[in-house]
Amino acid sequence: MLDIKTYNMIAPEGTAEFPADKYTINETDKPAALLIRSQDMHKTRFGTSVLAIARAGVGVNNIPLVEANSNGTVVFNTPGSNANAVKELIVAMLILATRPVFSSVQWAKKLNGADVSLQTEKGKNHFAGTELQGKTIGIIGLGSVGSRVARATADLGMHVIGYDPYISVEHAWRLSNDIPRAKDLSELLQKSDYVTIHIPYTEGNKDLISSKELAELKDGAILLNYSRWGIVNENAVIDALDSHKIAQYLTDFSSEKVIKHESTIVTPHIGGTTLEAEINGAIMAAQTLKKYLETGNIVNSVNFPAVEMPFDSNFRITLIHQNVPNMVGRITTILAKYDINIDNMINRSREQIAYTMIDTDNISEKTFNKLKNELIEISEVIRVREIRKNK
Ligand SMILES: NC(=O)c1ccc[n+]([C@@H]2O[C@H](COP(=O)([O-])OP(=O)(O)OC[C@H]3O[C@@H](n4cnc5c(N)ncnc54)[C@H](O)[C@@H]3O)[C@@H](O)[C@H]2O)c1
Ligand SMILES: O=C(O)CC[C@@H](O)C(=O)O
């Protein structure tokens, strides 16, 4: 039995992916894997029993990847699972930024009497808005969310300009050819009436939008941050609002200062919070974990290489090790000592981490334990695991 520990609200459709004859959920203090959402794993200890962590969602800045690597813990996310949910919220927030929906509704609620309809007709002049059509929106990050926001805002009649120097081939293909790309961030900032950010929080993206970048915006521009706290420098954005350099800041990430400011609209990190996105993310995360636990194959990992090898033999040995020369030679020399015949083998690496899977015929528990002890003696080997077919 393998135990899966969950954190946060995980949709039951996700946990239902783990059959009860092979898995338990939240039953031991030595789980084989964690299924999480925004849980801050920098502050939550995970032991060496944890083979993998799956994040139902996209941002993985809540997981210590360096610690995961040295522990031999594979970290997965669920790319695109909530991109439509974020896109729809961005469309809503753009409209809320341009039409006085909240204030007009609050005003109307206070009306009384048989002539409320007449009163609304008289009062509506106070609630004129502007239109999105014809305005320019700059989109920073053209991945799963950004590329969808580009299509949706183009459909609303906006001029769209994108910026993503690291765009993947897959996302570039998805993006329509008529979405122009800015040559650099400055060009995007200078041309846009609205700027929306859809990038991960990394050391390099910390304070990407600070005083210098805000100064480059058009006067009265509107900024949206549905990516992460820390990508926009909070003091700089408050200064830009106070000086009316920018007109509004809409965000999913807040502090008291940001929430209380009269020119902000703050949502409580609900970009990916729809029934559909939560189910998508939980199912995708559970399936990815199951695949790894049952076959060793790796898809959608953020710290390990993608590795897929058909599991046709009876027994599979997986090794996580440092990415240094001659590891495969050293590993197979030890296997030869035990007279183990290799049916199939794969070795892949990503930065400092490498992963090797070796398929053989059945090996007895006793022999495997001896073999494992010898393999783990290699100082660059981090973890050795056995997977028996259909177990
Ligand atoms: N508010 C929410 O609930 C919510 C939901 C989903 C995602 N997010 C956040 O949004 C981010 C983006 O999500 P996604 O699904 O589009 O991810 P994604 O990985 O598909 O796309 C991110 C894109 O950003 C680009 N990028 C990285 N750094 C950049 C930079 N400095 N300038 C321009 N482009 C840059 C990458 O090349 C990539 O194409 C996530 O990392 C997460 O932090 C928030
Ligand atoms: O788990 C959530 O609700 C938020 C998810 C979102 O921020 C993400 O990065 O995918």
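Me: Which residues surround ligand 2?
Reply: In this predicted model, the surroundings of ligand 2 consist of Arg37, Ser38, Arg55, Gly57, Val58, Gly59, Asn82, Arg228 and His269.

Me: How does that shell divide by class?
Reply: Around ligand 2 there are 5 polar residues, 3 charged residues and 1 nonpolar residue.

Me: What lies 2.6 Å from an oxygen atom of ligand 2?
Reply: That is a polar side-chain atom of His269. The side chain of Arg37 also places an N or O atom 2.7 Å from an oxygen atom of ligand 2, and for the side chain of Arg55 the corresponding distance is 3.2 Å.

Me: And how much of the accessible area of ligand 2 does the protein cover?
Reply: On its own, ligand 2 has 290 Å² of accessible area, and the protein covers 89% of this.

Me: Turning to ligand 1, which residues come nearest?
Reply: Ligand 1 has 27 residues around it, and the nearest are Ser144, Val145, Asp164, Asn205 and Asp252. The shell comprises 12 nonpolar, 12 polar and 3 charged residues.

Me: Which domains does the shell around ligand 1 draw on?
Reply: Domain 1 (1-82 + 274-304) and domain 2 (83-266) each supply at least three residues to the shell.

Me: What about the chain as a whole, how many helices and strands?
Reply: The protein chain contains 14 helices and 15 strands. Its C-alpha atoms occupy a box of roughly 90 × 50 × 35 Å along the principal axes.

Me: How much of the chain is buried?
Reply: Of its 391 residues, 48% count as buried. The accessible surface of the chain is about 19,500 Å², with 51% of that belonging to carbon and sulfur atoms.

Me: And what share of the contacts joins residues at least 24 apart?
Reply: The share is 64%, taken among contacts between residues at least 6 apart in sequence.

Me: Now some single residues. Where is Ser227?
Reply: Ser227 sits in the loop that runs between strand 9 (221-225) and helix 10 (234-242).

Me: Why does Ser227 count as buried?
Reply: Ser227 counts as buried because its relative accessibility is 8%, and buried means under 20%.

Me: What does its side chain reach?
Reply: The Ser227 side chain reaches the backbone oxygen of Ile197 at 2.7 Å. Beyond its neighbours within four places in sequence, Ser227 is in contact with Ile197, His198, Ile199 and Phe253.

Me: Is Lys109 buried or exposed?
Reply: Lys109 counts as exposed because its relative accessibility is 70%, and exposed means over 50%. Lys109 lies in helix 4, residues 101-109.

Me: How far apart are Lys109 and Lys212?
Reply: Their C-alpha atoms are 42 Å apart in space, and the two residues are 103 residues apart in sequence.

Note on methods. Residues numbered from 1 in each chain as written. Chains lettered and ligands numbered in written order. Predicted model: local features only at pLDDT ≥ 70, side-chain atom pairs only at ≥ 80, totals over all residues. Heavy atoms only, no water. Near = heavy atom within 4 Å. Polar contact = N/O pair within 3.5 Å; in protein donor to acceptor, adjacent residues only side chain to side chain. Areas by Shrake-Rupley, 256 points an atom, 1.4 Å probe, with all protein chains shown as cover. Nonpolar A, V, L, I, M, F, W, Y, C, P; charged D, E, K, R; others polar. Helix = DSSP H or I, 4+ residues; strand = E, 2+ residues; numbered from the N terminus. Buried < 20%, exposed > 50% of the residue type's maximum accessible area, 1.4 Å probe, protein only. Contact = heavy atoms within 4.5 Å. Domains from an automatic or database assignment.
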